[in-house]
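Subject: Handover of a structure

Dear colleague,

Please find the structure below, followed by an account of what was found in it.

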Amino acid sequence: MEMIEHALRENSLVMAFAFVGIIMWLSVHLSRYLTFGRVHGSAIAIVIGLILAYWGGMETGGSKGLADLKIFSGIGLMGGAMMRDFAIVATAFEVHVDEAKKAGLIGVLSLFLGTVIPFVVGASVAWSMGYTDAVSMTTIGAGAVTYIVGPVTGAAIGAGSDLMALSIATGLIKAIMVMVFTPALARFMKLDSPRSAMVFGGLAGTVSGVSAGLAATDRRLVPYGALVATFHTGLGCLMGPSVLFLATKALVG
Amino acid sequence: MIIYGTAILAACHLLGVYIGDVLGSLIGVKANVGGVGIAMMLLIAARVFLHKRGLMPETTELGVGFWAALYIPVVVAMASQQNVVAALKGGPVALLAALGAVTLCAAVIAFINRLGPKSQDSSWQIGTVADET
């Protein structure tokens, strides 16, 4: 047993490939026989991943879900930002340039809406729950944009650490919701073309949410959504501590 | 050789992220501005450029295609290292703010996508790349 554990720990990335392979296999079969193909295999796999992340977090008290367990440290590398972005860039190979160009303008518009709308909602919720000062409202509102924009904005305008934690939690819940609900809401959102995927990428924000949500809906739409969504964090970090903070301050004093 | 494809992909990735960092510091933001998106555009440009000159044999494409195909498993690995515990501990403010943002954005996405031109062209569904000129 110890020998097996040793082998797994020494080869953590290889272990991660095997482990994720098993999850995918299981999910595809669950999709086929339990839901008769109605729920996409990737969607099930992502939900299984999130459940495992919860279990890992409870088990270790760490912040990286399953990857905090020693033998699963390879998951951290495989699903980390480096590999995620590498794989996303690779999907650009499948982009049909004309389709992407046609939707360029609406993509940019969505990107702006996708920053302002979540911010306003987040800041309003914060206000109605008693966080009535401009710094708190801005930090929580920025968290509703993405979980990176939240702490970056908070740090820039001098928010406390409990506020930052709240802001990050808001962004995380949003990302998880986008991952889980996108396939269910795909028909409602008319998510069926490159153009619609780009609108989605701009408005839904958070690269992790968009990339997982689209993967679970239709793999071919991924590059279009990701192309727009990857600008989301940058735009949010640009607008959060500046325009949005000043606007909030002007409103609540 | 397959590695050529992977190397082109890697070069585009690194260059894109670098440009994103530079862009971020130019406008005074403590974040990467669209690095991955820029990398994607570089890769698209590289593909079109090389393909026109016939410098993109199938094996080279495989070096990129493999990583694109690994995309979903990587996303599953990403999901399993999210800080789900912290997210669930956020309490009602975080939950309501996130739920409100997601709901309203979904409604706006639905609205915009219904406004748009009805797309009859489904050529994007088939084939990858290579058959584009």
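Into which domains is chain A divided? The two are domain 1 (1-79) and domain 2 (96-253), with bounds from an automatic or database domain assignment.

This is a predicted model, in which local features need pLDDT of at least 70 and side-chain atom pairs count only at pLDDT 80 or more, while totals for chains, interfaces and linings use all residues. Residues are numbered from 1 along each chain as its sequence is written, and chains are lettered from A and ligands numbered from 1 in the order in which they are written.

In chain A, the centres of domain 1 and domain 2, taken over C-alpha atoms, are 27 Å apart. Six residues of domain 1 of chain A are in contact with eight of domain 2 of chain A (contact: C-beta atoms, placed from the backbone, within 7 Å).

Helix α5 (residues 81-91) of chain A is largely enclosed by the rest of the structure, because nine of its 11 residues are buried (20 or more other C-beta atoms within 10 Å of a residue's own). Among them are R84(A), D85(A) and F86(A). Helices here are DSSP runs (H or I) of at least four residues, numbered from the N terminus.

Between the chains, helix α10 (residues 161-185) of chain A packs against helix α6 (residues 91-115) of chain B at about 40 degrees, their axes 8 Å apart. The axes are lines fitted to C-alpha atoms over the stretch in contact, with angles from 0 to 180 degrees between N-to-C directions. Residues of α10(A) that meet α6(B) include L166(A), I173(A) and F181(A).

Yours sincerely

How values were computed. Helices (H or I, at least four residues) and strands (E, at least two) are DSSP runs, numbered from the N terminus. Two residues are in contact if their C-beta atoms, placed from the backbone, lie within 7 Å. A residue is buried if 20 or more other C-beta atoms lie within 10 Å of its own, exposed if 12 or fewer, and partly exposed in between; C-beta atoms are placed from the backbone.
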